[in-house]
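Dear colleague,

Please find the structure below, handed over for your own work. My notes on it follow directly after.

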Amino acid sequence: MNRTLVSPSLLSANFANLQADIEKINQSEADWLHLDIMDGVFVPNISFGFPVLKHVAKLSQKPLDVHLMIVSPEKFIKEVKELGTMMMNVHYEACSHLHRVVQQIKDAGMKAAVTLNPATPVMLLTDIIGELDMVLLMSVNPGFGGQKFIPHTLDKVKELRELIARSGSQALIEVDGGVNLETGKQLVEAGADVLVAGNAVFKAPDMIDMIHQLKSL
Ligand code: DX5
Ligand code: ZN
């Protein structure tokens with residue numbers, strides 16, 4: 001069986017010394033680096049934008065997993081691509097023409113992922129799942145790190161696993177929000193492929209060891 005992929009979320013890093021934290025991630029077994037972009041409109045918070053991310057991208061040796069919590073994410077496909085992004089995640093709830101946005105992301109040379117908020121049903125992906133490289137299930141309401149995991153996400157992971165199998169899609173399942181060793185284990189058992197972890201990694205006494213433990217789930 002494939003090992004769990006781990007994508008630490010930089011939102012919980014020390015913003016006064018991002019370089020030190022990114023270097024730790026580079027030394028670790030993390031598979032990707034998860035970057036949360038917020039606009040204060042789609043979610044009630046603002047994180048960081050492209051002027052900061054350009055520096056982050058230069059320092060990171062891990063593929064970038066960019067999660068856009070913004071309205072009209074299609075306006076920034078070029079900027080996201082210029083960071084060297086591997087996976088671009090857009091919210092289902094933020095795209096009126098989701099099929100077009102997914103095609104634009106792929107045409108730009110990135111992998112395409114669609115993100116669902118906790119109240120958005122998995123079945124809404126039925127007609128697009130065959131086009132996706134990944135689905136990101138939010139296990140908290142997006143906007144902040146350090147929130148409590150919503151247990152119903154486990155049912156959504158199982159439902160999505162069935163939808164993927166039925167449709168012959170190759171999409172990975174990623175989960176984001178309140179992931180730690182306990183919830184991470186439940187998620188992997190339910191069928192998750194990729195775990196995003198912010199607080200669990202960056203607030204751990206030993207980040208590198210925590211990433212190792214998450215990868216071993
Ligand atoms: C929340 C972000 C998450 C966040 C996760 O809106 O999408 O990526 O950083 O943080 P934790 O793991 O602390 O819940
Ligand atoms: Zn995220």
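**Ligand 1 and its surroundings**

The side chain of Asp-176 places an N or O atom 2.7 Å from an oxygen atom of ligand 1, a polar contact being a pair of N or O atoms within 3.5 Å. A polar backbone atom of Gly-178 lies 2.8 Å from an oxygen atom of ligand 1, and for a side-chain N or O atom of His-34 the distance to a ligand oxygen is 3.4 Å. The protein buries 99% of the 380 Å² that ligand 1 exposes when taken alone (Shrake-Rupley areas, 1.4 Å probe). There are 20 residues around ligand 1 (a heavy atom within 4 Å), and the nearest include Ser-9, Gly-143 and Gly-198.

The model is predicted: local features need pLDDT of at least 70 and side-chain atom pairs pLDDT 80 or more, while totals for chains, interfaces and linings use all residues. Residues are numbered from 1 along each chain as written, chains are lettered from A and ligands numbered from 1 in written order, and side-chain values use heavy atoms, without hydrogens or water.

**Elsewhere in the chain**

Gln-27 lies in helix α1 (residues 18–27), a helix being a DSSP run of H or I with at least four residues. Gln-27 is exposed, at 58% relative accessible area (exposed means over 50%, with a 1.4 Å probe and protein chains only). Its C-alpha is 7.5 Å from that of Ile-208, although 181 residues separate Gln-27 and Ile-208 in sequence.

With kind regards

Terms used
Helices (H or I, at least four residues) and strands (E, at least two) are DSSP runs, numbered from the N terminus. Buried means under 20% relative accessible area, exposed over 50%, partly exposed in between (1.4 Å probe, protein chains only). A polar contact is a pair of N or O atoms within 3.5 Å; within protein, one must be able to donate a hydrogen and the other to accept it, and residues adjacent in sequence count only if both atoms are side-chain atoms.
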